[in-house]
Amino acid sequence: MIILRIQHPSWNSPQVHKVTTFPCSIGRSIQNTIVLSDNSISAEHAMIEKQMDGTFLLRDLDSTNGIFFEGKRFGQIILRDQGQVKCGDIEITTMLSDDRLEKTRQIELPAEFKTKAQKLSQRILLMSLTLVLLIYTINFLMDPMDSEKWIDVLVSIVAAGVTVFGVAGLASIITKVQHKKYDFLKYLDATLMTAVAWAVFSLFRDRIDFWMNNNVLQMIFSVSVYFAFYWFYSNKMLEIFFEGKYRKRIHTVLGSLFVAFVIFTWTVATFSERNTRFNYKASYVYTTSSFPEGKYNFGGLESQMKESFTDIDEFRSQKIEEKEESRQLEDSLSKEKPE
Amino acid sequence: MKLICVLLSFFVFSVMAQEEAKIEEVKDNDILYKKVKPFVYQVKTSQSAESSKASYGTGFVVDGEEGLMLTNYHVVSTYIQDEDDRYKIFVTDKDEVYEAKVLDFSVIFDLALIQIEKKFKGELRIRDKAPGRGETIYSMGLPKDLNISLVEGNYNGVIKSGIYERILMSTPVNSGMSGGPTVDKWGRVIGANVSILLNSQNISFSVPIDKGKDLIESYRKRKAPLPRKEYVNHIKQQLKQIEKELFTSIDENPGKSNSIGAWQFSAPDKTGKCWSKNDYSEKRTFKYSRQNCFLQGAAYIDSSIYSGSYEVMYLSLESLTRNRFQFADMVDSFFNGKDYLKNIYTRFSESNELTKFSCNEGIITNKNKLSFRYAYCLNGYVKYDGHYRMYFKAATLGDKRNALIVKLKVDGFSKEGMMTFLKKHLDGIQKKEAM
């Protein structure tokens, strides 16, 4: 048995034929075993025959355009593994060796077959569109759109594009030395994903206060959203960078550690600073909830302030203690000095 | 020819007349200078009589027999605030140096009564009646540590803001003249130089001398100088007094109900000063109006503490072309306003006299059913327990097109005072009824 991979320059994807019965005829007419409807092919173009010694022979049936091997026209050609012959404009790759056959037997090609590179470029296009949309949304939520604002949006889109492409290009140039491979698309995928993640975060982080007014709920919700997002993101990144050598268990652990670290620092940074800084996000102007007088009365403020007062009294005694200590230290130092 | 002669003679006459007047004036001031100068001395705080000074000002004699002198509290505050007894107060003339002790002081009126062991022949007389507006007055002191100087200006009445009272004058007073006497043409004391208004021309203030008289009386009643240990309590009492007086002043002089934008609120004390501004934003996407009211005057306690004062700001925002998201974003940026923050962050810096801040946030609904989001930061004085400082800000919730932001700054109030002040201001806010 042999496998023929038939490719024409104008086709999107090659045709693949398993040939199990011999002789096998190739031509434009429908009486042939393999029908190739192309103008460069004659009605009865060629014939594959199995010879006594086990080799396969491709014989020209006096066709107009003939059969070629390595650019030269022959009457008959002995087929080799991975050999390429040409019938008219059509290229035929033949596969003979057994283990290759084993492997190829497994493949079931879908009707619309896409290569990996094609898939990648499609994703990149999708992500670029998402990024543009996010940039627009961020800007739109801030100010009414007018000509100046549009210029702002365009500038930020261009800046984002330049950064993303630039970083990807740099990364691919630097890694080329080591990997001996120029993987621009791979890095572009990674940088674009980072950019999208960043845009989603900034949108989410800056605006959560607008629609959620309970601190505890806010914290739980944010932590879970961040966790889910970082989880997805870190796994995707690992997949991209460790492409072939992706070891699931180790990388899952690594990814979890990374996510835990990010979540921890974020939580600490956001929720501990709230009590030491005077910069709070947002008044819930477009909140839909109302705040009844009974629940949100001065009692709440009063009890909060009472807590603050006790805090301050504590700070005060701390400060006095510090002062005392430094004074004692000064005294002891001045005593030690010889007069 | 005749005409010219007449003109000329007139000219000569006029010049002569002017010169005469000038000489008289100079002669007059010369006498005044000679009359007042013997009772005006430099007051400095330093570690010893010879060592260079930590702070300095001027003082004047009010009782020659006992050697009583009046000066500003802020001139001797280095000594009063010093807990380690490093500094002493000295009264100096060119050759003589006397050590002085503090008998009494008032942070409200920025006055201190000190005593030196020297007997003077006479003293500066105190004027009982207030001068008439526009009357020529003089200030004496040692500007920038140069020489005792006499400067001239006019009396422009007394400015009362809450508990604080100051004489407004047009005398070019400089640093170093603090604590010097403000006298009338006859050399009678009407006040003690205290401060100037920054970024202005010749706007200066002095403390009415009645306050000095009160200080002397209270000392005479007690018959003993204020003990050193009592200084902190004395200041605390005065802070309490300031707070009490401020609240009575707020109750007695309620400002008219004010309104900006779509909001109405009770204006603070009439004696405070208010500024307001209405404008459109750069691209006319929203309209804003702001009213800023503050008390003119604060009690100087330490170089890092000005206490017993408050400031209230109302800012109304109205959306013109912004949708609710864009409006919310803008309210947000105003709530965390950059200029206000800059102003605050300079005060957020660490100080030995102030504790750390304790901040919190939340939502509150006032009696007019208006909901606010608020945030506040509180801290206190290390020495004067029971007195606190607060920055408070709140923004109204729930309206798509209108918002009001309130910012309050209160210095030196007690726990209860803070709460009362907040409640008063927040409950006073309501939405203007639809026209």
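Predicted model: local features only at pLDDT ≥ 70, side-chain atom pairs only at ≥ 80, totals over all residues.
**Chain A**

Chain A has 339 residues, of which 35% count as buried. Its secondary structure consists of 7 helices and 11 strands. Among the contacts in chain A with a separation of 6 or more, 43% involve residues 24 or more positions apart.

**Interface between chains B and A**

The size of an interface is often given as the accessible area lost when the parts come together. Between chain B and chain A, the buried area is about 5300 Å², and carbon and sulfur atoms give 58% of this. In chain B, the residues that lose the most area to chain A are B:Ile363, B:Arg373 and B:Met419, which together account for 11% of what that side buries. In terms of contacts, 69 residues of chain B touch 47 residues of chain A.

On the side of chain B that touches chain A, the elements giving two or more residues are the helices α5 (324–335), α6 (338–347) and α7 (415–427), together with the strands β20 (358–365), β21 (371–380) and β22 (388–396). By class, this side of chain B has 32 nonpolar, 16 polar and 21 charged residues.

Chain B and chain A are also joined by 5 salt bridges. One salt bridge between the chains is formed by the side chains of B:Arg322 and A:Asp143, at 2.4 Å from N to O.

**Salt bridges within the chains**

Side chains of opposite charge can pair when their charged atoms come close. Over all chains, the structure holds 29 salt bridges.

| Salt bridge | Closest N and O atoms |
|---|---|
| A:Glu49 and A:Arg59 | 2.3 Å |
| B:Asp411 and B:Arg389 | 3.8 Å |
| B:Asp399 and B:Lys431 | 2.3 Å |

In the salt bridge between A:Glu49 and A:Arg59, A:Glu49 belongs to strand β5 (residues 46–50) and A:Arg59 to strand β6 (residues 56–60) of chain A, so the pair ties together parts that are 10 residues apart in sequence. A:Glu49 is partly exposed at 21% relative accessibility, and A:Arg59 is partly exposed at 30%.

For the salt bridge between B:Asp411 and B:Arg389, the residues lie in strand β23 (residues 402–413) and strand β22 of chain B respectively, so the pair ties together parts that are 22 residues apart in sequence. B:Asp411 is buried, with a relative accessible area of 10%, and B:Arg389 counts as buried at 6%.

In the salt bridge between B:Asp399 and B:Lys431, B:Asp399 is located in the loop between β22 and β23 of chain B and B:Lys431 in strand β24 (residues 430–431), so the pair ties together parts that are 32 residues apart in sequence. B:Asp399 is buried at 16% relative accessibility, whereas B:Lys431 is partly exposed at 37%.

A network of salt bridges links B:Arg127, B:Glu135, B:Asp184 and B:Arg188.

**The surroundings of B:Glu165**

B:Glu165 is part of strand β9 (residues 164–169) of chain B. With a relative accessibility of 16%, B:Glu165 counts as buried, because the cut-off for this class is under 20%. The side chain of B:Glu165 makes a polar contact of 3.4 Å with the side chain of B:Lys211. Apart from neighbours within four places in sequence, the residues in contact with B:Glu165 are B:Phe109, B:Val158, B:Ile159, B:Lys160, B:Pro208 and B:Lys211.

Technical notes: Residues numbered from 1 in each chain as written. Chains lettered and ligands numbered in written order. Heavy atoms only, no water. Helix = DSSP H or I, 4+ residues; strand = E, 2+ residues; numbered from the N terminus. Buried < 20%, exposed > 50% of the residue type's maximum accessible area, 1.4 Å probe, protein only. Contact = heavy atoms within 4.5 Å. Buried area = accessible area lost by both parts, 1.4 Å probe. Salt bridge = Lys/Arg side-chain N within 4 Å of Asp/Glu carboxyl O. Nonpolar A, V, L, I, M, F, W, Y, C, P; charged D, E, K, R; others polar. Polar contact = N/O pair within 3.5 Å; in protein donor to acceptor, adjacent residues only side chain to side chain.
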